[in-house]
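Open your viewer and get ready to select a few things one after another. At each stop, you will read what to pick and what is there.

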Amino acid sequence: MSLRKVRLSSVKYTRKVLQIIVVSLLGVLLLASLSAYAQKVTLNVLGVQDPWFFALEEVIPEFEKMTGIKVNLEGLAWDALQARLTTSFITKEKGIDVISVDDCRLAQFAENTWIIPLTSYIERDKQSVKMNEFVPEVIYSSCTWRGDIYTLPVATYSQFVMYRTDLLQKAGLQFPPTEPADWWTWDKYMEYVKKIDQLGDDIYGTVIVGAQPVPIVHMYTGLEVNKGVRWFKHFPEAPWDFTPTVNTEKSINTLKYYKELYKYSPPESINYLWFDAGTAFAKKNIGIYYWWSPYGYLIRHAGYMVEEPSPIVGKFGVALMPYEPGEPRIYSLGAHGLGIPQYSANKEEAWKFIMWATSKETQKAMALTHLHAFNDFAREPLFQDPELIKYYPWLPTQLYTVKQANGKVSRPHMALYPSLEGFYGLQLNLALAGHKTPEQAMADAQSQFELILKQNYYLPYKGLSYDDTLDKTIALIKKLSP
């Protein structure tokens with residue numbers, strides 16, 4: 001070999017070595033850069049201070065350890081959260097990455113493009129998301145708008161009955177059923193309330209939520225949807241017709257029934273918020289009431305999310321809601337879903353957090369935190385988990401209530417719902433207080449509904465309808481499943 005060829009070979013070899021060194025260096029620098037980036041990313045997560053918030057707070061360190069992403073979890077009261085979110089959307093604030101969306105606000109947020117659809121993210125990561133584990137009624141009721149999925153459920157609330165076993169036994173009453181039974185009607189429920197109320201001056205038959213505008217609507221609609229009352233002529237199936245139907249004989253009779261329940265409740269319950277009714281049941285001698293499913297575990301504590309057990313531990317049971325003969329057995333459903341604001345600067349990291357927080361593994365870990373104060377599941381396998389049933393024995397009954405729920409009917413998810421809810425809650429409260437008759441209250445609610453719907457071009461409705469059915473959501477879930 002000539003000296004010239006040796007030199008050329010040597011040069012080529014040196015260049016190859018240099019190339020390997022440079023590529024290796026670039027790889028190291030890239031990994032270092034990505035690691036540094038992960039360390040620098042902080043997700044700002046904004047949520048309501050419902051029980052799921054505190055359970056999630058306990059397990060977030062595991063997410064931070066797994067991903068290197070820092071999470072700043074901030075909790076607010078319901079009203080404060082809605083005000084904060086609305087302001088952030090209007091000002092196009094980039095500092096909020098994940099938000100909890102109350103399901104009845106989903107249409108408003110989606111219509112205004114305040115949050116982004118998650119459908120494409122789910123499709124891309126379907127192996128991790130496992131959409132087929134979710135109860136379809138939850139996704140339909142709480143997470144979809146016009147055929148897209150905008151949130152994944154971090155907490156799902158159905159409604160059921162809670163009762164004092166000792167007081168029912170004292171009154172000689174059969175325990176309410178945990179499976180559908182023809183005898184368990186709303187008339188029978190009222191019989192129970194009246195008989196328990198007669199046990200003594202310090203004993204109340206039931207307890208209601210009366211504070212307006214929002215809390216009373218949450219409890220009242222659980223009754224009204226069961227009795228066949230609907231807000232609109234035709235919604236959510238197409239064609240949409242938002243002609244109000246709240247001033248009907250069914251509606252008036254339902255309000256009369258609710259007002260009668262108040263007669264056998266603590267007088268101050270006309271001002272009760274959500275948690276007040278649960279706290280009252282946990283501390284007072286109250287026979288039976290229906291409410292959101294989280295109260296199955298909340299009433300085991302002497303106060304909201306405190307360690308001290310309540311006096312009724314071991315003395316209460318959980319049962320199905322009564323039904324109205326001749327009407328479909330439909331339950332109310334509420335949920336908080338996690339969504340990504342349009343103006344988040346960290347959408348991929350936000351999506352990673354949502355996948356983790358709503359996963360079966362994380363939800364189970366939340367349920368097993370030290371207070372055992374979270375079982376608001378949306379994934380069916382969790383309702384059947386023996387370890388979880390040990391702490392939450394009513395999970396099989398709760399699963400039935402979730403599968404019978406239709407949140408889009410009980411509290412109609414359309415963009416104007418929050419405004420209509422405010423009008424409705426006021427009229428319900430006035431009727432409860434005796435300032436208006438049920439007939440007057442429902443007539444005024446109807447007039448107020450018509451006014452705001454006309455002002456916003458929903459009456460008559462000439463916009464684009466969407467045939468929003470459970471079957472469509474089931475087909476979408478199948479498409480997005482592994």
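Start by selecting helix H10 (residues 214–226) and helix H11 (residues 249–263). H10 passes H11 in a right-handed crossing, the term for a near helix turned clockwise from the far one by less than a right angle, with anticlockwise being left-handed. Contact here (heavy atoms within 4.5 Å) is made by Ile216, Met219, Tyr220, Leu223 and Glu224 of H10 with Ser251, Thr254, Leu255, Tyr257 and Tyr258 of H11. The two axes come within 10 Å and cross at roughly 120 degrees; axes are lines fitted to C-alpha atoms over the stretch in contact, and angles run from 0 to 180 degrees between N-to-C directions.

A word on what you have open: this is a predicted model, where local features need pLDDT of at least 70 and side-chain atom pairs count only at pLDDT 80 or more, while totals for chains, interfaces and linings use all residues. Residues are numbered from 1 along each chain as its sequence is written, and side-chain values use heavy atoms, leaving out hydrogens and water.

Next, select helix H20 (residues 417–432) and helix H21 (residues 438–455). They pack at an angle of about 165 degrees, with axes 9 Å apart. That makes H20 roughly antiparallel to H21, a label for angles over 145 degrees. Their crossing is right-handed too. Show side chains and look for Phe423 and Tyr424 of H20 and Phe449 and Leu453 of H21, which are among the residues making the contact.

Now zoom out and colour domain 1 (42–157 + 334–407 + 468–479) and domain 2 (159–330 + 417–455); the bounds come from an automatic or database domain assignment. Their centres, taken over C-alpha atoms, are 26 Å apart. Across the boundary, 32 residues of domain 1 are in contact with 30 residues of domain 2.

Which residues touch the most other members of the largest nonpolar core? Select Trp52, Tyr189, Tyr258, Tyr289, Phe353 and Leu453, out of 157 residues in that core. Such a core is a set of buried (under 20% relative accessible area, 1.4 Å probe, protein chains only) Ala, Val, Leu, Ile, Met, Phe, Trp, Tyr and Cys residues joined through side-chain atoms within 4.5 Å. Helix H2 (residues 51–67) gives the most, with seven residues.

Finish at Trp52, whose partners include Tyr157, His336, Met366 and Phe374, not counting residues up to four places away in sequence.

Conventions: Buried < 20%, exposed > 50% of the residue type's maximum accessible area, 1.4 Å probe, protein only. Helix = DSSP H or I, 4+ residues; strand = E, 2+ residues; numbered from the N terminus. Parallel < 35°, antiparallel > 145°, perpendicular 65-115°, else oblique.
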